[in-house]
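User: I'd like to go through this one and ask what lies behind the labels. Can you take me through it?

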Amino acid sequence: MLFDYLPLLVFLVMVAALGVGLTFGIPLLGPRHPSTAKGLPYECGIVPAETARRRFSVTFYLTAMLFIVFDVEAIFLYPWAVLVRSTLHIFGLVEMTIFIALLAVALLYVWRKGALEWD
Amino acid sequence: MTGLFPGFLILSAAMFSVGAVGVLVRRNPLVVFMSIELMLNAANLALITYARYTHTMAGQVFALIVIAVAASEVVVGLALITGVYRSGHKLNLDELSEMSE
Amino acid sequence: MTTLLSLPPWFPLHFVPASNLVGILPVLIVGGGSVLVLLADLAVPRRGNLVLPVISGVVVLGALGTAVGQWILNATNPVVFNGAFADDRFALFADFVVLLTALAVICLSPGYLRRRGMEEGEYYILLLASLTGMLVLSGATNLIVIFLGVELLSIPLYVLAGFARDEPLSQEAAMKYLLLGGFASGFLLYGMALIYGETGHTGLAAIHQQLLQGALSHSFDPMLLAGIALLSVGLLFKVSAAPFQWWTPDVYQGSPAIVTTFMSVATKVAAFAVFLRLFSATLAPYRSEWEVPIAVVAIISMVFGNLVAVAQTSVKRVLAYSGIAQAGYILIGVAVGSPDGTQAALYYLAAYAFMNTGAFAVLTILSQRGEDCDRYSQLAGLWRRQPLLAGLMALFMLSLAGFPMTVGFFGKFFLFSAAIHDGQLPLAIWGILTSAVSLFYYLRVILVMFTAVPDADSDTAPTLAGLSLEGTAVASSTAASVGIPAGVVVVLAGVGTVVLGIFPALIYTLLQGITVVHG
Amino acid sequence: MNPTLILVLSAIVLGLPTAGFAVSAISAGRLPHRLVAWTGPGVILGAFVATLIIFVAMLQQPASSRGITVVFWHWLNTSVASGHGVAAQTGFNANFSIRIDPLSVLMMLVITGIGGLIHVYSVGYMAEDPGFNRFFAYMNIFITSMLLLVMSNTLVFLVIGWAMVAFASYALIAFWYERRSAVVAGRKAFVTQVIGDVGLYLGAFLIFLNLRGAHGQLLHTVNMQTIFANVGPGAHFHDGLGPLGGGMVTAIGILLFLGAAAKSAQWPLHTWLPDAMEGPTPVSALIHAATMVTAGVYLVARFHPIYQQAPVAAGLVAFIGIGTAMMAGIIGCTQYDIKRVIAYSTMSQIGLMIFAVGVGAYSAGMFQFFTHACFKALLFLAAGNVIHALHDDQDIRLMGGLSKRMKATFVAFTVGSLALAGIPIFAGFFSKEELLGSGLALGPAVPWLWVVGVLVNVLTSFYIFRVVWIAFRGEPRSEHAEHAHEAPLLMLLPVLVLAGLATVVGFLNVDFAGFAPITLFSAFLKPVLGVPAATASDTAGALALLAGFLLSVGGIVLVWAVYGRGLISRELVPNHLPWLYQLSFRKFYWDEIYDVALVRPTVSLATVIRRVIEPEVMDGALGGIRDSIAALADDFRTFQTGFLKDYATWFFFFAVVGLVILGLRLS
């Protein structure tokens, strides 16, 4: 039934409204005194040393990729978690252990290959 | 639900087309890659929709697996792209055309 | 079976019968093997030793042994994991071909990597991972498993294609393969989604039932047909059939020769296994719909591949286009649809494995540091420098061209006769005509090897003798131990090409009674 | 018979000569002659032993079960491809299967036995020849081909063996390739063989196309046993070979005989045989006496079920056979080259055999083949001894007086001549008598064919004893003849063995005019060849016997009168019947006729083609095809731009096309 989705719709509307309201509301509410110092990117009040548009080290991308893959594997945990008590029992445990073990091996490999080192 | 069913399919078809067109028109491999992911996710949306429509679980399981597979594909793809980028190529597919005929 | 596995007593066999695990034993062995190699890679410090290749070879041999054992003991099981997988003779035959090819590649690899001065890196891990995908594919009877297999097969190959990290061509090949491959799997997946949506099943058997009902009532669901179309497109890409072959020449040329060997043979075999399973079994009810398009694709592939190969200057590209043409020939078997067609296609796959592996193996042996043996000039006068290699290469070329007394002849012969038996004369005629065209470039290779004079730079290519123990090209004993297997592989491929050309029944008796099931 | 045993043995029979060839060929010059001198003859004798075992095993069996077909492997088999199973009789099913039955075993015995003797002889004869190994390589491969020819059970391998024999003979005739004449002779032989091969191919192909089974279904089989089983007699037969019925089978019979004629040097394909004497003498003995030239006889005998259904073709065969026999006999009387005389006598004798199988006296023909193989090989080898002793002089006018200098050879040669002439107790007598007897009985209602056959006897004994007289009697007429001395033992031994055989083998089939019939031979062959439709009555047989005998003796007497006593002038015929003499001396002018009628036109045509047609038409057409293919290739390859974007676009485009075609069900 479509009405089941009414709360979700309301929620979405609220989120949207809040976001828009905050974005456009604040300038209206508060006074504004722009200055170059204020225009700078905010770094805890310290004057930025250089532009933010510099290249990141490749290691950053590397870690990001590794994170993606390991992170996404986690989705298999949800359906498993739902069923492990009711249906899968020990077999599920064994299965998931194998799965995790494989991930662990991969992690170990990455680690030993030094892909996690920053320099 | 049935009322929305065609809508979701049209949406997924649209996503797929957008992705395909993206692959065709964009030069930056990263963007092309994202377009490919868009196509896969369009397929995911279709799978979920059908799963709901046909009251079977297979579609959802399929979608989960696709997500995982897509992730690993992304990782490999990004690794390759960075590799190419570091080996001096600009991120422009038209420059990757030394082999032809 | 339980004794065969000796599982711990508390293991809930009621949940997953051991027969299931037996059914996917080759997959388990190779998959586990890749993890093993991963760990071994960590364990042993790499000093150009042969640990990883040896382990990989043993793993593949083990899988091969298991498959053979299953065949001999007739321990086949068409329904594994509730019809997600089929461990039937069809799958086992495909496994034989794929595993043998992988074994050949593993035997060739150390010497090749050494000559090309490549880092071993994750090479063997990726090889085994891709092999796992192929084994999954050969027995897959569920759309999900098929997709899994395709991706598991492709993703490691994307990396392997770009394995020559400092060679731009290799990088370009990898990039093209990755992006086009992803593009194609998008189509594949969407087609699967549509099929699933219209039938409500991902299992091939159930889908087959649905199609039967539809076909009986002559109501062909357009959405379903669209799904079939997209699915076929995705698979045709994998088997590199024209007009979906675009990636093939560039990727074959750019990738390291050894990777091309594996890619050109094993991938094609695995992809065709699932292709045959889908079309000659699952989608059979809709034959009236897909028969003509597939036949057209077959003809386009034969014509395009054979024609364009004539105009090539790179040997790897020539073989790539010849691969496209071969895909066309095998598609004849698919289009025929009858058991003859399937058997003929399987026979051709086996034949193709022998002759193509052999041809590429020669190229890998001739490859040197910095570049693969790829230009005709590098083959020039090979007959004077290395008669054995030249003779074998000539043999493979003749076999690919389909000369009598070679295995290639019977491959084509059975396919064409199956087409004729099925009343599809045009296919046979196109096949024969294009085969005639193919002589232009196959014989050209032979001509270059036997007549042309070698150019200066290619004289340093290692000789087969040089690869062997008392050789000069490679000195140390480990180097010799990488050379001997390579030579053995090439010679065995040649022997197989001839012997199976004289005793075609050796394979055909295996194929007798192979019927394709879909879970 | 135990199939496995037969399989193994016949594999040995075929394998040993092949192995011998491989050894001699691969190790071209390198292998020491000493070794090849053992392997070369050894393999053949080994094959002979294996054949003997098969023979004995066969004799153990009752006559009815002496035929066995052994399948070596399934070579090419569309009945497999079409899923009917390997054993399917329909479908093109060219298994490599061999037929072991009395007929093939007889041929195998002769080929390996006499062939083996000739090999042994060759060791001595070729001892000084630099091409020693090459020679034995050729000899072995020839034996292999011949065995394949007689053992094959499928038309395919029969044809292959047939062609291989032609090639091997070419190699052997042109063995001394630095001699122009030898090369020319080899080429001539080969071309003739190819003409015959074409006939055989066409015949076999017609059978394959048209043979129908019992239910009128097209068999499309190349299995010879199946063919013979389905070429039944009479009415069933007419739908047995396609719509044309009798016409078709006649055509097949004639085409097959074209092949037979080429191998057996029958008119009109006979001219190669005399020239083939350019080859080493053992070759002449092997090819032109024992084996190759008799392949035609074998072919007709093997395919007799077909000839029995094609009276016209069979009659033609008989006619040509007897004609060739007469012609060759006449020619033989005036030749001076010892080997050529024997060659023409071979041609004449084979003609008689062909006549016999033509009229349906198959076992008589085969018996003549059997005895002939013995005494003709003997004659050739003895002549070889002479030639060897005279340092390659072959002209009998340069000989003379050899009977004192080469006693053993003289005796052997004389025995051979007696056997050839058909003098009692010698082999030829019995065989020829039986042949003429059944010829009289079966002859196509024209006794004069038989008369001619008998008249051949006088010619035969005349020309062969003419040689004996001129070459061995009288005084030496040349330096070499003066100092000729006996051949070494290695060359003498086979000759003597053959002499013994030529004396005794005739008794295997003593059956003239019902007198003391000991017909082991024809009894042995009966399971395959059956019994003649008619046998000569005793009186007719006696008549045949008497006439044949008298004429043979008459020939000898004539020789004695002319060359011995000089009662009749040698110049009698040349002076009074010059045309006849010239006709004979010039070999009936066949070479000239062919030269004018065939060779020159062909050559000039070839020149025209070479000068005009080839450059203009062929190169034009072929080049055009080649160029257009190249052009097409260039056009197509431009699609492969190397730009990933284009690839993706094409892929997308064709995917949409596929989607439309399938989705809208346009197909």
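User: How much of chain C counts as buried, and what makes a residue buried?

Analyst: Keep in mind that this is a predicted model. A residue is called buried if 20 or more other C-beta atoms lie within 10 Å of its own. Of the 519 residues in chain C, 68% count as buried. Chain C has 23 helices and two strands.

User: What share of the contacts in chain C with a separation of 6 or more comes from residues 24 or more positions apart?

Analyst: Those residues account for 77% of them.

User: Over in chain D, how do you know that the span of helix 17 agrees with its number of residues?

Analyst: Helix 17 covers residues 362-389 of chain D, so its 28 residues should span 40 Å at 1.5 Å a residue. The end C-alpha atoms are 40 Å apart, so the two agree. Helix 17 of chain D does have a kink of about 30 degrees, centred on His372(D).

User: What makes helix 17 of chain D mostly covered?

Analyst: The count does: 27 of its 28 residues are buried. After helix 17 of chain D comes His391(D), with a positive phi near 50 degrees.

User: And how many residues does each side bring where chains D and C touch?

Analyst: Chain D gives 30 residues and chain C gives 41. On the chain D side, the largest share is from helix 29, with twelve residues.

User: Which classes make up that chain D side?

Analyst: There are 18 nonpolar, nine polar and three charged residues on the side of chain D that touches chain C.

Key
Residues are numbered from 1 along each chain as its sequence is written. Chains are lettered from A and ligands numbered from 1 in the order in which they are written. This is a predicted model: local features need pLDDT of at least 70, side-chain atom pairs count only at pLDDT 80 or more; totals for chains, interfaces and linings use all residues. Helices (H or I, at least four residues) and strands (E, at least two) are DSSP runs, numbered from the N terminus. The expected span of a helix is 1.5 Å times one less than its number of residues. The bend at a residue is the angle between axes fitted to the seven residues ending there and the seven starting there. A residue is buried if 20 or more other C-beta atoms lie within 10 Å of its own, exposed if 12 or fewer, and partly exposed in between; C-beta atoms are placed from the backbone. Two residues are in contact if their C-beta atoms, placed from the backbone, lie within 7 Å. Ala, Val, Leu, Ile, Met, Phe, Trp, Tyr, Cys and Pro count as nonpolar, Asp, Glu, Lys and Arg as charged, and the others, Gly among them, as polar.
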